[in-house]
Amino acid sequence: MQRHILKKKNHITIISGILIVIAYISKLGFGNINIFTWSLIISSAIGATPIAIQAYQSLKVKVVSIDVLVTIAVIGAFLISEFEESAIVTFLFLFGAYLEQRTLNKTRSAIKELTEMAPENALKQMENGEFEEIEVDEVDVGNILLVKTGAKVPVDGTVLTGEGHINEASITGESLPVSKNKDSQVYAGTILENGTIQIIANRVGEDTTFGKIIELIEEAQDSKSEAERFIDKFSKYYTPVVLVLAFIVWLFSQDIELAITILVLGCPGALVIGVPVSNVAGIGNGAKHGVLLKGSEVIGDFSKVNTIVFDKTGTLTIGNPKVTDKEIYADNVDEILSYLASVEKESDHPLAKSVVEYIGDTKAYAVEKTEVVKGGGIVAQVNGHRVAVGNVALIKQENVHLSEKTRADITKFEKNGNSLVLTSVDNELKVLMGIRDQIRPGVKENLQKLKKLGVKNLVVLSGDNQGTVDLVASELELTEAHGHMLPEDKSAYIKKLIDKGQIVAFVGDGVNDSPSLALAQIGIAMGNGTDVAIETSDVVLMNSDFSRLPHALGLTKSTAYNMRQNIIIAVGVVLVLLASVFFSEWMNMSIGMLIHEASILVVILNGMRLLRYKLK
């Protein structure tokens with residue numbers, strides 16, 4: 001019965017409103033006081049029922065809610081025959097709750113739009129080679145699927161045949177279509193705008209990038225910030241205090257109407273809802289623009305950041321380095337390069353890939369006794385020779401002699417901004433390669449935006465040599481640059497900054513820099529849809545789009561500011577209303593409830609402004 005009444009709350013609101021209109025028409029139009037009085041009595045009784053049920057339910061869990069205050073106030077007004085007050089207060093309270101729910105639903109619209117993009121069906125290749133439509137839940141990893149023009153990609157997969165353009169806005173926030181052909185990666189929830197492709201399913205259901213994004217956003221909405229937890233605790237004690245205050249006023253004044261009015265005016269509705277609505281709107285805006293903010297706490301911390309530390313490769317630079325300079329100190333060039341390529345094929349490091357790509361087709365040797373030296377390179381046995389491939393530190397560790405010419409070459413390569421790859425065979429240096437990466441387009445402009453947003457220190461930490469790191473820092477006008485940093489050196493440096501009292505964000509690729517991502521107050525992953533990037537950070541910039549970073553910082557600052565505005569509005573309205581009771585003639589229960597409900601709508605509408613936020 002209780003559930004049925006609460007489900008019909010909106011209908012009850014309409015009936016209550018109609019009865020109030022009938023009451024005033026009968027009084028003002030026909031002078032009929034009986035109909036006026038009975039209409040208000042019925043309106044009060046009907047309107048108070050769902051409020052009283054909610055009050056009872058909250059008291060059952062030992063919470064003195066706003067509904068309790070309003071129920072006591074309405075019963076009090078009823079007992080002293082103030083039917084006009086009781087009817088208007090119940091109607092305004094119910095109508096306010098209705099408007100509140102409607103506007104809150106709009107606040108969540110950005111997230112709702114995203115969840116509605118989840119794929120439902122897929123065209124799966126059956127044993128006879130034909131494609132049949134099945135529900136997406138029935139797709140398994142390894143299934144071959146057909147995606148036609150206009151259809152949603154049902155899973156994360158790799159293109160086997162065909163080509164087309166895909167709108168990846170649901171994953172990256174970027175609405176410009178991306179070209180896809182054989183071996184391209186595609187993501188669930190994206191839309192094939194033209195073309196036809198066949199894909200093999202790599203990840204399905206909740207394991208897809210889209211599934212993880214939805215899960216993270218839902219978790220983020222449910223998490224509570226420090227401010228929200230404080231307000232929850234505050235409200236727990238605030239409402240009983242209002243109850244006691246009303247009782248004390250009645251005790252001293254013997255004015256029951258005054259005591260009831262205090263109950264209504266003291267409702268903390270706007271205060272309770274003001275902070276969550278700002279957070280939900282902020283997280284929704286981020287989701288629409290390719291920025292995943294993992295929780296309300298992240299918003300508070302990120303908005304106060306004053307130092308941002310960057311990884312170099314893949315963050316400030318594109319992460320696709322090319323061999324630009326080389327010196328060979330051997331006569332048997334082809335054989336040495338074959339040794340080098342054979343060893344580098346064992347590694348998935350970006351520099352190793354660029355070396356293999358540069359050497360191209362060559363004889364492949366079996367590589368044995370491979371030893372990966374952390375932060376140095378690789379040492380292995382190739383064709384009976386000890387081959388070491390890595391940086392200067394590794395070569396020195398191998399006791400390889402470096403001649404004056406070699407040292408001069410190394411200095412020259414470093415000054416040109418190269419990362420160095422040295423190769424020794426049987427403890428003699430044979431090859432020196434200089435590899436350079438390109439700075440991401442638009443990074444400098446975006447770093448300037450970060451400075452304008454109040455970030456004082458922009459630091460780059462890299463495992464690369466100091467010369468290369470200094471060149472990047474100089475070009476991008478960074479505050480500090482440190483090279484030759486191992487992952488543990490980076491996390492130690494970040495700890496030092498935190499100990500100095502700085503609020504530190506670390507931006508990395510989420511794979512090699514997970515200790516720093518975890519240690520910094522804010523870990524920001526340049527997520528390219530990888531599991532590690534999404535799971536180890538506090539903020540994910542989808543599709544490794546650096547330009548999202550200033551938007552993310554601006555958004556968190558605006559959200560935190562919006563939150564403070566809502567708290568001031570809510571507390572200010574309650575103080576003004578309570579002061580008006582004691583120091584003015586115009587305040588009564590109905591006007592108080594009207595202003596109280598209006599303040600709730602004001603904080604919701606204020607929070608909704610964040611949905612349209614764009615960095616200026």
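This is a predicted model: local features need pLDDT of at least 70, side-chain atom pairs count only at pLDDT 80 or more; totals for chains, interfaces and linings use all residues.
Which residues of helix 17 are buried? They are Thr-406, Asp-409, Ile-410 and Phe-413. Because they cover an arc of only 100 degrees around the axis, they sit on the same side of helix 17. That buried set packs against strand 10 (322-328), helix 16 (392-397), strand 14 (419-425) and strand 15 (428-436).

Helix 17 takes in twelve residues, 404-415, so at 1.5 Å a residue it should span 16 Å, and the 17 Å between its end C-alpha atoms agrees with that. After the helix comes Gly-417, which has a positive phi.

Now for the strands. Strand 13 (residues 385-390) pairs with strand 12 (residues 377-382), and also with strand 14. Here's how the two pairings look:

| Strand pair | Bridges | Direction | Residues standing opposite |
|---|---|---|---|
| Strand 12 and strand 13 | six bridges | antiparallel | Gln-381 and Arg-386 |
| Strand 13 and strand 14 | four bridges | antiparallel | Gly-390 and Leu-422 |

Strand 12 and strand 13 form a hairpin with two residues between the strands, and Asn-383 has a positive phi near 55 degrees in that hairpin. For Gly-417, following helix 17, the positive phi is near 85 degrees.

Strand 14 links the two parts of this picture: the buried residues of helix 17 pack against it, and four bridges join it to strand 13.

How values were computed
Residues are numbered from 1 along each chain as its sequence is written. Side-chain values use heavy atoms; hydrogens and water are left out. The expected span of a helix is 1.5 Å times one less than its number of residues. Buried means under 20% relative accessible area, exposed over 50%, partly exposed in between (1.4 Å probe, protein chains only). The arc is that of the directions from the helix axis to the C-beta atoms. Contact means heavy atoms within 4.5 Å. Two strands pair if DSSP finds at least two bridges between them.
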